[in-house]
Structures are given as structure tokens and as C-alpha cells.
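Subject: Structure for you to look over

Dear colleague,

Please find below the structure that I promised to pass on, together with its sequence.

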Amino acid sequence: MVSASTTPIDQFQVTLSDVEELKTDNCSLRKPQAVIVHYTAGGDKSSQDWLTTGPVSANYLVKGDATIAQIVPDGKRAWHSGRASWRGFPDLNSVSLGVEITGYGYKGPHVPEDVDLSQCVVIPGSDHSWFPFPEEQFQSVSKLLLDFRDRWKIKPPLFVGHSDVAPGRKVDPGPLFPWERLHKEFGIGAWPDLEKDLQHIEMPSAEKELKWTQLRLRDYGYDCPLTGVLEGGTTSAIQAFQMHFRPKLIDGKSDAETRLILAHLVDQYHYED
Ligand SMILES: [Zn+2]
């Protein structure tokens, strides 16, 4: 098994003997530009083992008791997002900080028998019954993300979930991760202000609704097909969007409320940079 944090430093040195070595201070490790939030689908012990002995890793783990562990330094590339894309970044591990949260996600065969399932919540449009995030753990995640926002100047739409960057392949951190509270209580990440007038975006006519949804999802950052019809890839992208921004119904359909939220998000955040 390989651990990202113990990769021998020699790997980063040229092996040719006839290369002159000059010095400069004008260099650095990478600068994180995005934050990807995950849950581990396991308990503390198994999550920690999995993230330290591989074949994956993350920059941070927020444990079930709300304590925070750093696994890979911010300046190094952890292995957490897999095949993923967001806002045109082709290799998200290289530009993001990965934050794993200990938790099972949803009720299923991966959950040990002694775990209390009574708290799980059924979300309309989802096949699963989801575990809420304990308040103390959420407070620790918020504290960590606030530190990233201030230290690395991470822009609101670049705080995302694994499901946002890998729709159809990943569902973490799931529809109960409190993105709205993160924005409203801590000023972290993006959230639509539906009271504002739209400046740049027009709502579509009835016959163009689906193509419009696909285009606007792509504008916002999602890897969504541009087919004009509702096939698997588009359903997955809409569902990922709903898990983040309209978690009361995550059926993957482009309804009027979903389109309105999407229009406001694109209007507020797409034209900034
Ligand atoms: Zn994940």
C-alpha cells in the first residue's frame, strides 16, 4: 500500500547527474483553489486506516467526536476525488483540499449492526435513508473550512461536495450536509439569493427548458452532457445539484424551482471571474 504523505522526497529530484543546481526563493508548493467535502462511509478506525494506508488519502479527517486530523499537508496533493471535474479543472486532486468526514452516509449493508439507525432521514427522490451530521462535527467542519477560506482565499463556488465533481459516481457528502447553514452562518461557499433580480440570465421558454438546464449546469461547473434530452448523465448532474442546493427533493428532474435556483447561482457566481 502507498501513502501519499510518505512519498520519498527523492522522487521530486532530477536523477540526471549532469544538471547544474541553482537556488531561488521564488517557488512554493501548490496553492489550493478548491475544497472538496466527503464522508468516509465508515467509522473512525476504519476511516483512519483507509485514509492513511491507502490506496486513497485526504488532507483532513473530521472524526465522529468532532476532532480534526491532518493527514496530508495543504501544499501536497492528496488522493480523494478520483475521476472528477469542476469548472474546467481537469485534475481536481492537484488543486483542491480534500476533507473527509467520518460517517456512514446512508442506511445500507456497510453500516455495522450496533449503529443507531433511528435518526436516518428519508429524502424524497432518493432511494436512501440518510444519516444527519452531528452538530459538533458540523461545527468542526465549519471551523476548518473557514480557515481555508481565509488562508487560501477560496471562492464560494469552489467549496463543493464529491457528488458535485463526480455526478453519478459519488453521492457524498449527501443531501443532509448543511451547505445552506455553512453559507448563512459562516459565510462559506455559494448559496442563491432568490430575492435578487437576475442580471445576466433569462429563464427559458418551455420547449428549451432541458437544454437550458444542461447549459446552465455546465456554466456553474458541473460535468453535464449537452444532449437536449434527459438521459442518465443529465439526471445525475441535476441530482448532484439538488443534493447541494435543493435537498428536499432530489429526483434528478429539471423542475421550475431547480431551474430558478440554478439561474440565481449562475447569475451570482458565474460572471465574477
Ligand atoms: Zn468522496
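The domain bounds used here come from an automatic or database domain assignment. On that basis the protein is divided into domain 1, residues 29–186, and domain 2, residues 206–269. Please keep in mind that this is a predicted model, in which local features need pLDDT of at least 70 and side-chain atom pairs count only at pLDDT 80 or more, while totals for chains, interfaces and linings use all residues. Residues are numbered from 1 along each chain as its sequence is written.

The centres of the two domains, taken over C-alpha atoms, are 22 Å apart. Counting two residues as in contact if their C-beta atoms, placed from the backbone, lie within 7 Å, 17 residues of domain 1 are in contact with 17 residues of domain 2. The side of domain 1 that touches domain 2 has 8 nonpolar, 7 polar and 2 charged residues, where Ala, Val, Leu, Ile, Met, Phe, Trp, Tyr, Cys and Pro count as nonpolar, Asp, Glu, Lys and Arg as charged, and the others, Gly among them, as polar.

As for the overall fold, the protein has 8 helices and 7 strands, these being DSSP runs numbered from the N terminus (helices are H or I, at least four residues; strands are E, at least two). The C-alpha trace spans about 65 × 50 × 35 Å along its principal axes. Of the 273 residues, 40% count as buried; a residue is buried if 20 or more other C-beta atoms lie within 10 Å of its own, exposed if 12 or fewer, and partly exposed in between, with C-beta atoms placed from the backbone. Among contacts with a separation of 6 or more, 64% are between residues 24 or more positions apart.

Five of the strands form an open sheet of mixed pairing, in the order β3-β2-β4-β1-β7, and two strands are taken to pair if DSSP finds at least two bridges between them. The edge strands are β3 and β7 (159–161), each of which pairs on one side only. Within the sheet, β1 (residues 34–39) and β4 (residues 96–101) run parallel and are joined by 6 bridges, and His38 has Glu100 in β4 as its bridge partner.

Finally, some backbone details deserve a check. Most residues other than glycine have a negative phi, and most peptide bonds are trans. The phi of Arg87, however, is positive, near 50 degrees, and that of Ala41, in the loop between β1 and α1, is also positive, near 60 degrees. The peptide bond from Gly54 to Pro55 is cis, with omega near 10 degrees, as is the one from Asp172 to Pro173, with omega near 10 degrees.
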